[in-house]
Amino acid sequence: MPETFSLEELSERINAWCEEHGIAPASGQAGDVVSERSIRYYRTLGLIDAPEGGGYGEKHLLQLTAVRLLQAQGLPLRRIRELLYGRSLPELREIRRRGLAEAQTAAAAVRVTLPAQ
């Protein structure tokens with residue numbers, strides 16, 4: 001049986017994932033952390049699916065990681081919804097994989113271009 005978690009646990013998991021990977025929304029675009037309130041808001045906007053069987057699962061976590069990765073690129077929520085709507089689990093896993101690779105490449109480029117102190 002797939003693992004499910006509460007709204008609070010989902011919030012904790014996405015924030016831990018973002019912190020672990022250094023993913024943050026573009027300046028001023030969204031709060032530094034994903035709160036339970038912001039998850040509910042994303043749900044009303046159609047960015048994440050409704051909970052299934054009274055809880056949240058892998059698909060919800062992948063949807064939120066995709067939202068954060070796209071916010072880090074500066075995309076507005078309207079565009080993020082267009083890009084994510086109807087995506088399957090394999091597609092969301094691929095978005096996460098590519099998004100992390102791009103974020104790591106961008107972070108490495110910034111480190112290379114910063115002058116040494």
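Which residues in helix 1 meet E36, I39 and R40 in helix 2? They are L7, E8, L10 and S11, where a contact means heavy atoms within 4.5 Å.

Before we go on, a word about the model. This is a predicted model, in which local features need pLDDT of at least 70 and side-chain atom pairs count only at pLDDT 80 or more, while totals for chains, interfaces and linings use all residues. Residues are numbered from 1 along each chain as its sequence is written, and side-chain values use heavy atoms, with hydrogens and water left out.

## The whole protein

The protein has five helices and zero strands, and its pattern along the sequence reads α-α-α-α-α. Helices (H or I, at least four residues) and strands (E, at least two) are DSSP runs, numbered from the N terminus. Of the 117 residues in the protein, 31% are buried; buried means under 20% relative accessible area, exposed over 50%, and partly exposed in between, with a 1.4 Å probe and protein chains only. Take the contacts between residues at least 6 apart in sequence: 69% of them join residues at least 24 apart.

## Helix 1 and its two partners

Axes are lines fitted to C-alpha atoms, for helices over the stretch in contact, and angles run from 0 to 180 degrees between N-to-C directions.

| Helix pair | Axes come within | Crossing angle |
|---|---|---|
| Helix 1 and helix 2 | 9 Å | roughly 100 degrees |
| Helix 1 and helix 3 | 10 Å | roughly 45 degrees |

The angle with helix 2 makes helix 1 roughly perpendicular to helix 2. The residues of this contact divide into three nonpolar, one polar and three charged. Here Ala, Val, Leu, Ile, Met, Phe, Trp, Tyr, Cys and Pro count as nonpolar, Asp, Glu, Lys and Arg as charged, and the others, Gly among them, as polar.

Helix 1 and helix 3, in turn, are oblique to each other. Angles under 35 degrees count as roughly parallel, over 145 as roughly antiparallel, 65 to 115 as roughly perpendicular and the rest as oblique. On the helix 1 side, L10, R13, I14, W17 and C18 take part, and they meet H60, L61, L64, T65, R68 and L69 in helix 3. This set divides into seven nonpolar, two polar and two charged residues.

## A closer look at helix 3

Helix 3 has 15 residues and reaches 21 Å from its first C-alpha to its last, close to the 21 Å expected at 1.5 Å a residue. The expected span is 1.5 Å times one less than the number of residues. Because 11 of its 15 residues are buried, helix 3 is largely enclosed by the rest of the structure. Among those buried residues are H60, Q63, L64 and T65. Just after helix 3, G74 takes a positive phi of about 90 degrees.

T65 sits in helix 3. With 2% relative accessibility, T65 counts as buried. Not counting residues up to four places away in sequence, T65 touches I14, W17 and R96.

## I48 in the loop

Where is I48? I48 lies in the loop between helix 2 (36-45) and helix 3. I48 is buried, with a relative accessible area of 1%. Leaving aside neighbours within four places in sequence, I48 is in contact with I39, Y42, R43, H60, Q63 and L64. I48 and Y85 are 37 residues apart in sequence, and their C-alpha atoms are 8.5 Å apart in space.
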